[in-house]
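Please examine the sequence and the model shown below.

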Amino acid sequence: MSAHDFYTIVQQNKQGELGFFEAVDFGEFEEYMKDTIRIYEKNTDISHQQFAQVPNNVEGLWFVATLNKKEQLAGYEFRTAGELRAQMPTLLNEALKYKDCHIEHSVIIYPPTARLVKESMWRHKSKTCL
């Protein structure tokens with residue numbers, strides 16, 4: 001079970017780069033919703049320990065949200081657990097260790113089964129910001 005009690009708002013800029021921000025209530029950030037492509041529900045990420053149990057051949061959209069050492073928020077997508085697993089050492093190495101928290105708290109994993117906020121709940125908000 002996750003202790004990540006935030007919505008994760010995933011965005012993609014015109015260059016195709018992924019980013020994200022987290023919010024307790026995404027409705028408070030209407031002006032930032034323009035490039036949003038999906039929103040993950042609260043507490044829907046999985047731990048690194050849970051991920052370690054997933055076979056490499058599990059397909060779907062794996063999203064990883066990171067805070068890197070440059071203090072930039074970055075997002076990454078993978079098509080299989082194996083692809084993500086192969087990149088995990090790099091992601092962990094580039095992540096910013098925040099105070100006394102474990103480094104894994106800076107690399108958050110959303111599996112293909114992670115619950116999404118229905119588009120109808122937020123898409124109309126982004127249209128008012130265009």
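The model is predicted, so local features need pLDDT of at least 70 and side-chain atom pairs count only at pLDDT 80 or more, whereas totals for chains, interfaces and linings use all residues. Residues are numbered from 1 along each chain as its sequence is written, and side-chain values use heavy atoms, with hydrogens and water left out.

Strands here are DSSP runs of E with at least two residues, numbered from the N terminus, and two strands pair if DSSP finds at least two bridges between them. Strand β4 (residues 59-67) pairs with strand β5 (residues 73-80) in the antiparallel sense over 7 bridges. Within this pairing, Trp 62 stands opposite Phe 78 of β5. The hairpin of β4 and β5 has 5 residues between the strands, and Glu 71 takes a positive phi near 60° there. Strand β4 also runs antiparallel to strand β6 (residues 107-110), to which 4 bridges join it; Thr 66 has Val 107 in β6 as its bridge partner.

Aromatic rings of Phe, Tyr and Trp (its six-membered ring) pair if their centres lie within 6.5 Å; planes under 30 degrees apart count as stacked, over 60 as edge-to-face and the rest as tilted. By this rule there are 4 aromatic pairs. Tyr 40 and Phe 63 form a stacked pair, 5.8 Å centre to centre with 20° between the planes. This pair links distant parts of the chain, as Tyr 40 belongs to strand β3 (residues 36-40) and Phe 63 to strand β4, 23 residues apart. Phe 63 also forms a tilted pair with Tyr 110, at 6.2 Å centre to centre and 40° between the planes. Because Phe 63 lies in strand β4 and Tyr 110 in strand β6, the pair ties together parts that are 47 residues apart in sequence.

Buried means under 20% relative accessible area, exposed over 50%, and partly exposed in between (1.4 Å probe, protein chains only). Tyr 40 counts as buried because its relative accessibility is 3%. Phe 63 is buried at 0%, and Tyr 110 is buried at 1%.

What lines the largest cavity? Its lining consists of Thr 66, Asn 68, Tyr 76, Leu 91, Glu 94 and Ala 95. A cavity is a set of points on a 1 Å grid over the protein atoms alone where a 1.4 Å probe fits but cannot get out, and lining residues have an atom within 4 Å of a point.

Notes
1 Å grid on protein atoms, 1.4 Å probe; cavity = no way out; pocket = protein on both sides within 12 Å on 5 of 7 lines; lining within 4 Å.
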